[in-house]
There are 2 protein chains.
Amino acid sequence: MKNKKEILSQAEENYLKAIFHISGQEKEKVSTNALAERMQTKASSITDMLKKLEEKKLVAYRKYKGCALTAKGEKIAVHIIRKHRLWETFLVNKLNFGWDEVHDVAEQLEHIRSLKLIDSIDELLNYPKYDPHGDPIPDKEGNINYQEYKINLSDTAVKSIVEVVSVDEDSLSLLQYLDEIKLKLGSRIEVLKKVSFDESVFVRIDNGNPLSLSKKVSSNIGVKFKSEK
Amino acid sequence: MKNKKEILSQAEENYLKAIFHISGQEKEKVSTNALAERMQTKASSITDMLKKLEEKKLVAYRKYKGCALTAKGEKIAVHIIRKHRLWETFLVNKLNFGWDEVHDVAEQLEHIRSLKLIDSIDELLNYPKYDPHGDPIPDKEGNINYQEYKINLSDTAVKSIVEVVSVDEDSLSLLQYLDEIKLKLGSRIEVLKKVSFDESVFVRIDNGNPLSLSKKVSSNIGVKFKSEK
DNA sequence: TTTTATTTTTAGACAAGACTAAAAATAATT
DNA sequence: AATTATTTTTAGTCTTGTCTAAAAATAAAA
């Protein structure tokens, strides 16, 4: 049985990518509703698509029990993510896009089918390991170099001093907000106070004035420790 | 009434492009069958699509009478062609693709929606006027600088000495064949003999050995005169 | 100018991917 | 364990872009 490469639609590719992202490094099962939320669509549409992807052996799916990517499905998902992150890097490094302008375009470019093209872009960029948001770029073989000591800003202890290494969410509004408060990759953050009531956190960014970040914001910022006390 | 930009599907964009190409510089009306041929689809599908494009004021269409682009439709078609040719130039000039490898990828890339992206690519390439096949690249405003003295090789007289300036067809098989016989942009061609029976033509390419080109091939090669006798 | 051939359009069907509304499972409460 | 709430699935509909087969226009030939 030869390795027949059937062509997937953009919709199918987007589902695989979404499942990969939601299930996370722990490869947890993904619920229909979680997928519907992420795909901005209705649960019934998800069910339809999961059946199709199951049919193609790209996801393992059992009614009412959620789904997970098969090895084949994960391989494809990782390749889409590789393309997405390489294109974002290209846009920022070669075409001087701002990091808050690249997401929508990369979302389109990630579906271009040409191994030669994406490998050439990779080469042109000199095989970058991380994209402009600090996320690891899978290599040609699909290996992902997860950063070791990265945790969410929302999980740091008071008095931690950390460095921003990633921004997990790609929404334009978040990126623009971070731009506004001058929070960028490499910023030094002091965790001043944590408010348990709403899980917000007071921080000082690059020795600026203290300001408060909501849980929603801080949980999307990946950081590495610089020192602790 | 504001200039509402409705988003076109790739299929719609491809139809506009095809109509533009078939109708040519003379802006002749395009028949349903001609379009069906080019789009590799059935005449009935063409009729359906023409109605839709008519509805959107992108083509002028009257039953049984063929169609033509409106100003609005032509503007969009030209923009797609601009993107196609800039991407082909990018692939060849920046990523070292061969001129026979770029068509399929450019066919995908031409549908990426981002003015900023394509204008950045244009800038990166230093505003090229012609693509790797010798075809003019429309500028940002949609102006196309048609080459003045270009004619088809099939229309040259015996003993003409011409220079190849374009290859009009994008089919992989043609480009690979030209590669094989070492016919490339800039090649010097002597027209040795024309066979009226099948309209084939004997030529000498860059002082090589004489060989015969079919009408189908020679009518896809654009040339400029170098001298005549 | 009839007849024949060709081109184009209509009518009806289908697959993909989405939706709504209702039914069936599963999970959470009492 | 019985009831209520939530999640997920089914069933049926819609749009886009395609198809086939048959009907209607137009063009070519006799």
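## B:Val162 and its surroundings

Let's start with B:Val162, which sits in strand 4 (residues 161–167) of chain B. Keep in mind that this is a predicted model. Is B:Val162 buried or exposed? B:Val162 has 24 C-beta neighbours inside 10 Å, so it counts as buried; the cut-off for that label is 20 or more. B:Val162 also pairs up in space with a residue from well along the chain: B:Val223 is 61 residues away in sequence, yet the two C-alpha atoms are 5.9 Å apart.

## The nonpolar core

B:Val223 turns up again in the largest nonpolar core, which has 60 residues. B:Val223 is among the residues with the most contacts inside that core, along with B:Leu91 and B:Ile189, and A:Leu91, A:Ile189 and A:Val223 are on the list too. As background, nonpolar side chains in soluble globular proteins tend to be buried together.

What does A:Val223 touch, once its neighbours within four places in sequence are left aside? Its contacts include A:Val162, A:Val164, A:Val165 and A:Ile189, and also A:Lys150, A:Thr156 and A:Glu163.

## Two hairpins in chain B

Moving along chain B, strand 5 (residues 188–195) pairs with strand 6 (residues 200–205) in the antiparallel sense, over six bridges. One spot to look at is B:Glu190, which stands opposite B:Arg204 in strand 6. The two strands make a hairpin with four residues between them, and B:Glu199 in the turn has a positive phi of about 60 degrees.

Strand 6 of chain B then goes on to strand 7 (residues 210–213) of chain B, again antiparallel, with four bridges joining them. Here B:Val201 has B:Leu213 in strand 7 as its bridge partner. This hairpin also has four residues between its strands, and B:Asp206 takes a positive phi near 45 degrees.

Chain A can be laid on chain B with an RMSD of 0.1 Å, using a turn of 180 degrees and a shift of 0.0 Å along the axis. The two copies are therefore related as by a two-fold rotation axis. In chain A, A:Leu109 has the C-alpha nearest the axis, at 3.8 Å. Both copies use the same surface, with 100% of the contact residues of chain A recurring in chain B.

The contact takes ten residues from each of chain A and chain B. On the chain A side, helix 5 (103–109) and helix 6 (115–124) are the elements that give two or more residues. That side divides into six nonpolar residues, three polar and one charged.

## The two DNA strands

Around DNA strand D there are 20 residues, and the closest are A:Ser31, A:Asn33, A:Ser44, B:Ser9 and B:Ser44. Two or more residues each come from helix 2 (32–39) and helix 3 (43–55) of chain A, plus helix 1 (10–23) and helix 3 (43–55) of chain B. Which element gives the largest share of this surface? That is helix 3 of chain B, with five residues. By class, the surface near DNA strand D has five nonpolar, ten polar and five charged residues.

DNA strand C also has 20 residues around it, and A:Ser9, A:Ser44, B:Ser31, B:Asn33 and B:Ser44 come nearest. Here the elements giving two or more residues are helix 1 (10–23) and helix 3 of chain A, with helix 2 (32–39) and helix 3 of chain B. Helix 3 of chain A provides the largest share, five residues. The surface near DNA strand C splits into five nonpolar, ten polar and five charged.

Definitions and conventions:
Residues numbered from 1 in each chain as written. Chains lettered and ligands numbered in written order. Predicted model: local features only at pLDDT ≥ 70, side-chain atom pairs only at ≥ 80, totals over all residues. Pairing = 2+ DSSP bridges. Least-squares fit on C-alpha atoms with pLDDT ≥ 70 in both. Contact = placed C-beta atoms within 7 Å. Near = placed C-beta within 6 Å. Nonpolar A, V, L, I, M, F, W, Y, C, P; charged D, E, K, R; others polar. Core = buried A, V, L, I, M, F, W, Y, C linked by C-beta atoms within 7 Å. Buried ≥ 20, exposed ≤ 12 C-beta atoms within 10 Å, placed from the backbone.
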